[in-house]
Amino acid sequence: MSDVFPGGVPEFAPWAGPEPETGGPPCLAAEAAALDAADPLRDRREAFVVDAPGDPEGVVYLDGNSLGALPRGVAGRLAAVVEEEWGRLRIRSWTESGWWTAPERVGDRVGRLLGAAPGQVVAGDSTSVNVFKAVVGAVRLARAAAPGRDEVLVDAATFPTDGYIAASAARLTGCTVRAVPATDVAEAAGPRTAVALVNHVDYRTGRLHDLPGITGALHAAGARTVWDLCHSAGALPVGLDASGADFAVACTYKYLNGGPGAPACLYVRRELQPRFDSPLPGWNSHADPFGMDPAYTPADGAVRGRVGTPEILSLLALDAALDVWDGVDLGVVRAKSLDLTDFFLRCVERYVPAGRTECVTPLPHEERGSQVSLRCAGAGDVMAELVRRGVVGDFRRPDVLRFGFAPLYTSFADTERAARVLGEVVTSGPVR
Ligand SMILES: *Cc1c(COP(=O)(O)O)cnc(C)c1O
């Protein structure tokens with residue numbers, strides 16, 4: 001039951017208020033149009049199935065941090081894969097269509113977007129499964145150097161799956177888990193710490209954590225890092241190689257638009273690969289998988305992160321989806337992302353009566369991912385009404401409205417409209 005709408009989920013009348021400002025300074029709609037006209041990424045939007053800017057009936061999609069929009073090239077590519085590669089070539093496609101090596105090839109394409117040189121990223125399995133591989137692998141590495149390390153630090157605000165998996169990984173390896181706010185992880189690491197699992201961007205608040213700084217502090221303490229990049233992959237430059245990060249996992253169905261349940265990615269820093277002892281040593285990670293050897297010999301390189309037969313259809317859908325990144329500079333993406341979130345915050349300030357929402361996303365750019373989270377009484381009902389009025393964000397219990405900004409397809413016009421409709425919803429309230 002919400003505070004704003006004590007009667008429960010309300011019925012709203014269609015908005016019948018004034019049109020957006022059309023003149024007189026400062027006009028946010030006009031400013032949005034000017035920002036869109038000057039946007040170096042504006043042409044990328046056409047590569048996605050999204051509504052045309054300015055279409056009053058269209059939907060403003062600000063949930064690309066949960067499920068990225070569909071790139072136009074995917075359907076045709078997938079149809080060809082099904083008809084030609086699967087339908088006609090069948091088993092031959094494992095070699096002739098490059099299926100067998102697709103996990104590393106697609107992994108390298110994602111790697112470029114994460115600041116990882118080729119040969120360190122493999123695509124496959126879910127984020128949850130890759131968190132397991134990385135955490136156990138990191139504990140084993142830390143233990144090999146210092147057997148007394150028996151503590152796994154976990155970002156206290158972590159996306160729950162990471163916490164559940166880390167707890168199980170800790171039980172299996174005889175470690176204890178200690179939950180610590182991400183901002184305190186660097187200080188908390190000590191001689192007993194084997195690994196810290198940290199979310200680069202907090203899924204709820206959109207707070208960006210200091211990946212190089214925390215990694216450096218963990219290394220100084222003799223511990224390893226596992227970074228969860230679900231909310232930064234495709235949203236901002238990550239700089240994995242430059243930071244010396246040990247392990248990382250990334251989701252590909254959020255800002256990378258790979259489609260529902262698209263395979264996730266696992267990064268193992270090159271110099272650690274020979275010592276990476278995977279807890280899921282499936283036959284696809286064997287040095288000679290078709291030798292069918294009863295004894296396990298791990299493959300070298302990123303292949304060691306594989307488990308079983310790759311999920312080819314979703315992997316090749318992701319491959320096609322990644323075409324939208326060709327020639328895109330993550331620095332330009334980041335600049336637009338910050339401009340979008342700054343602009344959204346200004347629009348909210350203008351359109352939403354003071355006190356109705358509270359921004360929980362940090363204002364300093366170096367602490368902000370590519371989303372804005374607003375605490376709002378009755379957030380669940382407010383989001384339901386926003387969606388009904390064509391503005392799709394999402395709601396995280398108990399009271400957070402989340403708006404994700406995907407710089408490849410989110411426009412400033414979308415941003416202005418979303419804030420304006422939010423203002424309308426929180427001021428109009430329920431109609432009886
Ligand atoms: C989205 C997300 C996941 C999702 O994990 P799946 O295994 O794909 O369900 C995990 N961690 C974080 C931080 C996420 O944002």
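**Ligand site**

I looked up S128 and found one of its polar side-chain atoms 2.6 Å from an oxygen atom of the ligand; a polar contact here is a pair of N or O atoms within 3.5 Å, and within protein one must be able to donate a hydrogen and the other to accept it, with residues adjacent in sequence counting only if both atoms are side-chain atoms. The model is predicted, so I note that local features need pLDDT of at least 70 and side-chain atom pairs count only at pLDDT 80 or more, while totals for chains, interfaces and linings use all residues. Residues are numbered from 1 along each chain as its sequence is written, and side-chain values use heavy atoms, with hydrogens and water left out.

Next I checked D162, where an N or O atom of the side chain is 3.0 Å from a nitrogen atom of the ligand. For Y253, I read 2.7 Å between an N or O atom of the side chain and an oxygen atom of the ligand. I then listed the residues around the ligand (a heavy atom within 4 Å of it); among them are F159, T161, N199, D228, H231 and K254.

**Domains**

I took the domain bounds from an automatic or database domain assignment: domain 1 covers 26-71 + 329-427, and domain 2 covers 74-325. Their centres, over C-alpha atoms, are 29 Å apart. Domain 1 gives 37 residues to the contact and domain 2 gives 25, where contact means heavy atoms within 4.5 Å.

I recorded about 2,300 Å² buried between domain 1 and domain 2, 61% of it on carbon and sulfur atoms. Buried area is the accessible area (1.4 Å probe) that two parts lose on being put together, summed over both. Of the area that domain 1 buries against domain 2, N65, P71 and L330 supply 24%, more than any other three residues.

I counted 14 residue pairs in polar contact across this interface, both residues at pLDDT 80 or more. On the domain 1 side, α11 (330-351), β10 (371-376) and β13 (400-404) each give two or more residues; helices (H or I, at least four residues) and strands (E, at least two) are DSSP runs, numbered from the N terminus. The largest share, 5 residues, comes from α11.

**Salt bridges**

I searched the whole structure and got 29 salt bridges, each a side-chain nitrogen of Lys or Arg within 4 Å of a carboxyl oxygen of Asp or Glu. Between domain 1 and domain 2 the count is 1. I also looked up R207 and E367, whose side chains meet in a salt bridge at 3.4 Å, N to O.

Another pair I checked is E104 and R306, with the closest N and O atoms 3.1 Å apart. E104 is in helix α4 (residues 102-114) and R306 in the loop between β8 (265-268) and α10 (312-321), so the pair ties together parts 202 residues apart in sequence.

**Backbone**

I found a cis peptide bond from R397 to P398, with omega near 0°. P398 sits in the loop between β12 (394-396) and β13. R90 is in the loop between α2 (73-89) and α3 (93-96). For reference, most residues other than glycine have a negative phi, and most peptide bonds are trans.
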